[in-house]
Amino acid sequence: MIAQELQLKERLENGFKDENDLLYFTQTYLQHTNHLTHPHYYGHQVAVPQELSGIPELIHGTINNPSSLYEMGPAGGTLEGFMINWMLDKVGWLQGKDYYNFKFESGSSSGLLTHGGSVANLTALAAARAKAAPDAWQYGNPKNLVVMGAATAHYSIARALSLLGMGSEAFVPVPVDANEVMQAEYLENIYDDLKSKNKQVMCVVANACATSTGLFDPIESIGDFCQKHQLWFHVDGAHGAAALAGEKYTHLLKGIDKASSIIWDAHKMMRVPALCTAVLFRDFKDQAGAFQQKGSYVFHDDEVVGMDSMPYTVECTKSALGTKLFWAFALEGQKAIGHYVDNSFQLTQEFYEFLQNENGFETPYTPQSNILCFRYTADNSTDAFQKQLRYQIINDKKHYLTSCIMNGKRYLRVVLMNPSTTLDHLKALIATIRSTSKSLSQGF
Ligand SMILES: Cc1ncc(COP(=O)(O)O)c(C=O)c1O
């Protein structure tokens with residue numbers, strides 16, 4: 001058991017005995033971690049960081065300058081403002097503004113970094129609510145407030161709605177196709193129906209891309225619909241907004257500039273260690289409305305000299321998130337990060353093509369990003385078997401892959417985030433799936 005092996009109780013009581021004890025503890029700790037840099041790791045959507053990615057964490061851990069207020073961490077706050085401007089530029093929202101200008105103004109775009117996509121979605125939805133129901137902070141929500149989106153939206157959306165006091169029933173699902181992609185042609189009818197029931201649509205949420213499949217909702221059509229009806233359009237780009245950093249897959253996000261708010265996890269596809277997410281707003285006015293609490297000791301309105309994000313986040317104190325985001329780029333240069341994103345998407349396409357000639361494998365869709373779901377049914381086609389296959393493979397410590405349910409069926413799932421993974425490693429995975437399936441099916 002890890003807790004006993006690490007002698008947690010003894011060390012809590014007496015501390016590390018000496019340097020050797022600290023070293024021994026660290027080595028034992030590392031033995032019980034997942035090695036994301038191994039080319040056979042295609043598991044969860046967390047970045048495979050660069051070798052020197054930990055340096056900003058070490059600097060922050062040593063000097064402890066939270067970056068939520070410029071006066072608490074001028075360098076960290078500055079790097080946050082700079083990287084937000086870089087991201088706004090990628091979305092197409094910067095409009096000639098200088099990367100070194102951190103002053104946000106009504107009528108122009110803005111953003112901030114948060115600890116993760118779930119907090120980022122909550123932040124964006126709080127801003128959408130403030131616009132739809134400006135009195136909600138004081139008097140609670142109007143009962144008729146609803147949100148439209150693909151039923152496959154990440155669970156953090158439903159959680160945010162419940163946390164905002166709207167209840168998860170306030171989410172109105174828009175039909176999806178067999179691959180769980182939103183069918184935008186239903187938006188008008190659903191909207192008319194909601195209006196006839198006296199419902200007020202607070203916002204429309206799109207996946208860019210969906211967590212399970214890596215497929216993108218039709219951003220441009222949803223954006224057009226929202227513009228036509230003057231609705232808040234929120235793009236959950238936690239995973240897929242990173243395509244904007246590359247060159248070959250930006251078309252998947254065509255129309256993203258029509259969004260009112262976007263979230264973008266840097267700790268997924270930007271090689272940044274967890275956590276680091278951007279929340280971006282087309283208009284600073286919307287960001288400014290998200291939270292309405294006062295704190296005379298920290299919020300100074302006109303006296304702000306640099307990037308102050310504290311008034312606009314759930315978090316009060318926050319880590320130097322901009323520093324680690326900047327670092328990931330500075331280690332290799334932005335072109336390298338762009339190529340990394342493009343190459344991971346490309347490798348997934350090659351893996352998909354390879355699977356087309358492999359007997360016993362089912363691939364329900366052509367991948368758009370670096371996530372692919374597939375099943376191996378040669379020996380057993382039940383959902384339970386796919387799950388058992390996955391557990392056996394990861395317990396054998398040969399490969400690390402995940403699994404998910406799509407359209408009512410269980411699939412094996414790979415997320416190709418590791419720059420050292422090649423098609424040969426994936427061919428080895430296929431061979432392992434075949435041999436594991438064979439031995440399991442004998443006892444199943
Ligand atoms: C589409 C989407 N949105 C939001 C999240 C939540 O992000 P986080 O894990 O950073 O809280 C995820 C996580 O996988 C996701 O895939």
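Two strands are taken to pair if DSSP finds at least two bridges between them, strands (E, at least two residues) and helices (H or I, at least four) being DSSP runs numbered from the N terminus. The model is predicted, so that local features need pLDDT of at least 70 and side-chain atom pairs count only at pLDDT 80 or more, whereas totals for chains, interfaces and linings use all residues. Residues are numbered from 1 along each chain as its sequence is written.

An open sheet of seven strands has mixed pairing and the order 1-7-6-5-4-2-3, with strand 1 and strand 3 (171-174) at the edges, each pairing on one side only. Strand 6 (residues 261-265) and strand 7 (residues 277-281) run antiparallel and are joined by five bridges; Trp 264 has Ala 278 of strand 7 as its bridge partner.

Helix 13 (residues 321-332) is largely enclosed by the rest of the structure, because nine of its twelve residues are buried, a residue being buried if 20 or more other C-beta atoms, placed from the backbone, lie within 10 Å of its own. Among these buried residues are Leu 325, Phe 326 and Trp 327, and the covering elements include helix 5 (74-91), strand 1 (110-114) and helix 14 (334-355). Just after helix 13, Gly 333 takes a positive phi of about 90 degrees.

Leu 325 is also one of the residues with the most contacts inside the largest nonpolar core, which has 114 residues; such a core is a set of buried Ala, Val, Leu, Ile, Met, Phe, Trp, Tyr and Cys residues joined through C-beta atoms within 7 Å. Helix 6 (residues 117-132) gives the most to this core, with nine residues.

Notes. Two residues are in contact if their C-beta atoms, placed from the backbone, lie within 7 Å.
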